[in-house]
Amino acid sequence: MASRDRLAVQERPAARRCALQVLYTAEIRGESPSKIIEGEAFLGEDEPSDYASMLVQRCEAHRVGIDQQLASTSENWSLARMPVVDRCILRMAVCEMLYVDDVPISVSINEAVELAKAFGGEDDSPRFVNGVLGRIARSLEQPAASAEGGAAPQGDSQPVAAQTAEQAPSEKGEGDE
């Protein structure tokens, strides 16, 4: 059984790419992601895996909370101003961070950055995605640290993916649309 679980984990990057395609298609068409994944509108090479389907369903089910998290964290950037693909990458990563227990937050961030490198809407998309998700990761760590009676990690103890989070607001200019 352990080898089956390992295989499933190895297939997750492809599942994330598939889920991103579905979320992006839904956003462009103005349709629900579940309609895209269930219908013939999905243009992916393969059928979506169980993990891809689960990500799409959870992104759709929790979209309001995910968007609130992104809006409160992405300083100087409204969701509407973000490139569509970046917004979809961020939604999927935040969904994984908040609603998928068996994926470490650092893995969600790193996978999202890789997707942004491959498909991002701007040259600085990977840095922007990393910054927003790094801030969210730190905000998620703070309540856990408070509950344990300690303080949230500071300085060099931050995850590598979160170290550039302070740079996120300047990554895209104020006039960029």
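A: Buried means under 20% relative accessible area, exposed means over 50%, and partly exposed is in between (1.4 Å probe, protein chains only). This is a predicted model, where local features need pLDDT of at least 70 and side-chain atom pairs count only at pLDDT 80 or more, while totals for chains, interfaces and linings use all residues. Residues are numbered from 1 along each chain as its sequence is written, and side-chain values use heavy atoms, with hydrogens and water left out.

Q: OK, which residues of α7 are buried?
A: Ser108, Ile109, Ala112, Val113, Leu115 and Ala116. They sit on the same side of α7, because they cover an arc of only 160° around the axis (the arc is that of the directions from the helix axis to the C-beta atoms). Lys117 and Ala118, on the other side of α7, are exposed.

Q: What does Leu70 touch, sequence neighbours aside?
A: Leaving out neighbours within four places in sequence, Leu70 is in contact (heavy atoms within 4.5 Å) with Leu79, Leu90, Arg91, Val94, Val132 and Ile136.

Q: New topic: how many residues are in the largest nonpolar core?
A: That core has 42 residues, and Leu70, Ile89, Leu90, Met92, Val129 and Leu133 have the most contacts inside it. A nonpolar core here is a set of buried Ala, Val, Leu, Ile, Met, Phe, Trp, Tyr and Cys residues joined through side-chain atoms within 4.5 Å.

Q: Which helix gives the largest share?
A: α6, with 9 residues. Other helices supply at least two residues each, including α2 (12-29) and α8 (125-147).

Q: Zooming out, how many helices and strands are there?
A: The protein chain has 8 helices and 0 strands. Those are DSSP runs, numbered from the N terminus: H or I of at least four residues for helices, E of at least two for strands.

Q: And what share of the chain is buried?
A: 45% of its 177 residues count as buried.
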